[in-house]
Amino acid sequence: SMLQELGYEVTPASSAAEALEVLNGDGRVDVMLTDAMMPGGKNGIQLAREVRIRNPGLPGALMTGDMGEEVKKAGQDGIPLLPKPYRLEQLAGLLIRLTGGRASGRT
């Protein structure tokens with residue numbers, strides 16, 4: 001709902017496999033946001049790393065309430081992190097940084 005409030009069209013995915021299907025589909029995606037913890041085999045960290053390889057031009061970030069070692073390593077590897085809980089302004093700032101200043105798009 002926060003993304004929609006900011007003017008983004010959201011395409012949800014309930015697992016990493018579903019997110020990869022969306023990214024491989026015909027639709028346009030401007031930015032990918034994923035939770036570090038996801039069900040279905042791959043977690044959000046693995047998804048973010050795979051997307052960086054498959055779609056290096058697609059900006060993405062991890063939203064997480066868990067700042068464990070794996071999440072910290074992802075941040076050190078250059079994957080932007082948005083710690084939970086976050087405010088609308090923090091999400092908006094992250095999206096502006098990720099998209100080069102675009103105020104809305106498809107996530």
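## Helix α3 and Gln46

Gln46 is placed in helix α3 of this predicted model. Its relative accessibility is 38%, so Gln46 counts as partly exposed, the range for that class lying between 20% and 50%. Ten residues separate Gln46 from Ala36 along the chain, and their C-alpha atoms are 8.5 Å apart.

Ile45 also has Ala36 among its contacts. Beyond residues up to four places away in sequence, Ile45 touches Ala36, Leu62, Glu70, Val71 and Ala74.

## The nonpolar cores

The largest nonpolar core contains 16 residues, and those touching the most other members are Met32, Ile45, Leu47, Val51 and Leu62. Two or more residues of this core come from each of α2 (16-24), α3 (44-54) and α4 (69-76). Another core lies apart from it and has eleven residues, including Leu33, Ala61, Leu94 and Leu98. In soluble globular proteins, nonpolar side chains tend to be buried together.

## The buried face of α2

Four residues are buried in α2, namely Ala16, Ala19, Leu20 and Leu23. Viewed down the helix axis, the buried residues of α2 fall within an arc of 100°, and therefore line one face of the helix. An α-helix has 3.6 residues a turn, so residues three or four places apart point the same way. The cover over the buried residues of α2 includes β1 (32-35) and α3.

## Strand β1 and Thr34

Strand β1 holds Thr34. With a relative accessibility of 4%, Thr34 counts as buried, because the limit for that class is under 20%. Setting aside neighbours within four places in sequence, Thr34 is in contact with Gly44, Leu47, Ala61, Leu62 and Met63. Two of these partners, Leu47 and Leu62, are among the residues that touch the most other members of the largest nonpolar core, while Ala61 is a member of the other core, of eleven residues.

## The second largest pocket

The second largest pocket has a volume of about 150 Å³. Its lining consists of 13 residues, and Arg52, Leu58, Pro59, Gly60 and Pro80 lie nearest its centre. The elements that contribute two or more residues to this lining are α3 and β2 (60-64). Helix α3 gives the most, with three residues.

By residue class, the lining of the second largest pocket comprises ten nonpolar residues, two polar and one charged.

## The loop between β3 and α5

Lys84 occupies the loop between β3 (81-83) and α5 (88-99), and Pro85 lies in the loop between these elements as well. The peptide bond from Lys84 to Pro85 is cis, with omega near -5°. Most residues other than glycine have a negative phi, and most peptide bonds are trans.

At 37% relative accessibility, Lys84 falls into the partly exposed class. Apart from neighbours within four places in sequence, the contacts of Lys84 are Asp35, Met63, Thr64 and Gly65. Met63 is also in contact with Thr34 of strand β1. Along the chain, Lys84 and Met2 are 82 residues apart, and a distance of 13 Å separates their C-alpha atoms.

Key. Residues are numbered from 1 along each chain as its sequence is written. This is a predicted model: local features need pLDDT of at least 70, side-chain atom pairs count only at pLDDT 80 or more; totals for chains, interfaces and linings use all residues. Side-chain values use heavy atoms; hydrogens and water are left out. A nonpolar core is a set of buried Ala, Val, Leu, Ile, Met, Phe, Trp, Tyr and Cys residues joined through side-chain atoms within 4.5 Å. Buried means under 20% relative accessible area, exposed over 50%, partly exposed in between (1.4 Å probe, protein chains only). Contact means heavy atoms within 4.5 Å. On a 1 Å grid over the protein atoms alone, a cavity is a set of points where a 1.4 Å probe fits but cannot get out, and a pocket is an open set with protein on both sides within 12 Å along at least five of seven lines; lining residues have an atom within 4 Å of a point. Grid points are joined across faces, edges and corners, and a volume is the space filled by probe spheres set on the points. Ala, Val, Leu, Ile, Met, Phe, Trp, Tyr, Cys and Pro count as nonpolar, Asp, Glu, Lys and Arg as charged, and the others, Gly among them, as polar. The arc is that of the directions from the helix axis to the C-beta atoms.
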